[in-house]
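Please read the numbered points with the sequence and the model in view.

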Amino acid sequence: MTETRTGSGRFITLEGGEGAGKSTQIAALCGWLADRGITTVRTREPGGAAGAEEIRTLLVTGEPGKWDAITEALLMNAARRDHVVRTIRPALERGDWVVCDRFYDSTLVYQGAAGGVPMAILRDLIDMAVEDTRPDLTLILDIDPETGLARAGARAGGGTGGETRFERKGSAFHARVAQGFRDLASAEPERCVLIDAVQPLDDVTRDILSAVSDRLSLR
Ligand code: TMP
């Protein structure tokens, strides 16, 4: 496993389509790490720092066609830069572990595989935003888009507000997102683990904890 280059902490990212259950699983993972005496910073993208959260609001509200995919990629990476510099790197340098809900793989998949922006352009933007701050482990929650969007819709209806811009991009877009994440997991098996997120929640948690133990040498 690659060492974190910016300090002694470890950097774990969770990825997946809409309604894959990342929030629930991140809470379980952070609790499990805390039980092992590990100080964990839980964060998210877009967002995770004051300026990045302002950019998030621009990105996740309004009509699906409000920004084209290139503008989204620029805004996502502007937010990412702020997040890396102000939150992620300082935490890793302190020796904390960072657990992040989405990171640059979401850009490769949402703006690239699904949105059509060439991967080479996205990789250049990401390189500029993150430099050498890269995840040690990426857990990709795999769910078919119909099930995921139904879950996400129920959640939004339950009162999480108007952050539904991406959810409303249509079923063809979300099918490309799901396939994009699967392709990424097979392209980068050293860093990424694909987790079946359609299973019961406890089984998803078990698979996540076992991936973290194995890949990052924890008991
Ligand atoms: P969330 O609902 O998981 O908080 O994420 C907000 C939306 O932003 C989600 O639909 C995925 C999207 N997104 C991208 O399109 N590109 C990115 O780089 C990131 C981080 C998120």
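1. Aromatic pairs. Two rings of Phe, Tyr or Trp (its six-membered ring) are called a pair if their centres lie within 6.5 Å; planes under 30 degrees apart count as stacked, over 60 as edge-to-face and the rest as tilted. A search of the whole structure, which is a predicted model, finds five aromatic pairs. Helices (H or I, at least four residues) and strands (E, at least two) are DSSP runs, numbered from the N terminus.

2. Basis of the note. Residues are numbered from 1 along each chain as its sequence is written, and side-chain values use heavy atoms, with hydrogens and water left out. Because the model is predicted, local features need pLDDT of at least 70 and side-chain atom pairs count only at pLDDT 80 or more, whereas totals for chains, interfaces and linings use all residues.

3. Confidence. The pLDDT is the predictor's confidence in each residue, from 0 to 100. Its mean for the protein is 93, and 94% of the residues reach 70 or more.

4. Is Phe103 buried or exposed? Phe103 is buried, with a relative accessible area of 0%, and Phe11 is likewise buried at 0%; buried means under 20% relative accessible area, exposed over 50%, and partly exposed in between (1.4 Å probe, protein chains only). The charged end of Arg80 sits over the ring of Phe103, 5.6 Å from its centre. For such a placement, NZ of Lys or CZ of Arg must be within 6 Å of the ring centre and within 35 degrees of the ring normal. Arg102 is also in the loop between β3 and α4. Phi of Arg102 is near 80°, a positive value in a residue other than glycine, and Arg102 counts as buried at 12% relative accessibility.

5. Helix α4. Nine of the ten residues of α4 (residues 104–113) are buried, among them Tyr104, Asp105, Leu108 and Tyr110. Which elements cover them? The cover includes strands β1 (11–16) and β4 (137–142), together with helices α3 (69–94), α5 (119–130) and α7 (171–187).

6. A second aromatic pair. Tyr110 and Phe166 form an edge-to-face pair, 5.9 Å centre to centre and with 90° between the planes. Tyr110 lies in helix α4 and Phe166 in the loop between α6 (145–160) and α7, so the pair ties together parts that are 56 residues apart in sequence. Both residues, Tyr110 and Phe166, are buried. With Phe173 and Phe181 they form one aromatic cluster. Lys169 lies over the face of Phe173, at 5.4 Å from the ring centre.

7. Helix α7. The expected span of a helix is 1.5 Å times one less than its number of residues. For the 17 residues of α7 this gives 24 Å, which agrees with the 24 Å between its end C-alpha atoms. The buried residues of α7 are Phe173, His174, Val177, Ala178, Gly180, Phe181, Leu184 and Ala185. They cover an arc of only 160° around the axis, which puts them on the same side of α7; the arc is that of the directions from the helix axis to the C-beta atoms. An α-helix has 3.6 residues a turn, so residues three or four places apart point the same way. On the other side of α7, Ser171, Ser186 and Ala187 are exposed.

8. A cis peptide bond joins Glu45 and Pro46, with omega about -15°; Pro46 is found in the loop between β2 (40–44) and α2 (50–60). Ser217, in the segment after α8 (201–216), has a positive phi of about 55° although it is not a glycine. Ser217 counts as exposed, at 65% relative accessibility.

Technical notes:
Contact = heavy atoms within 4.5 Å.
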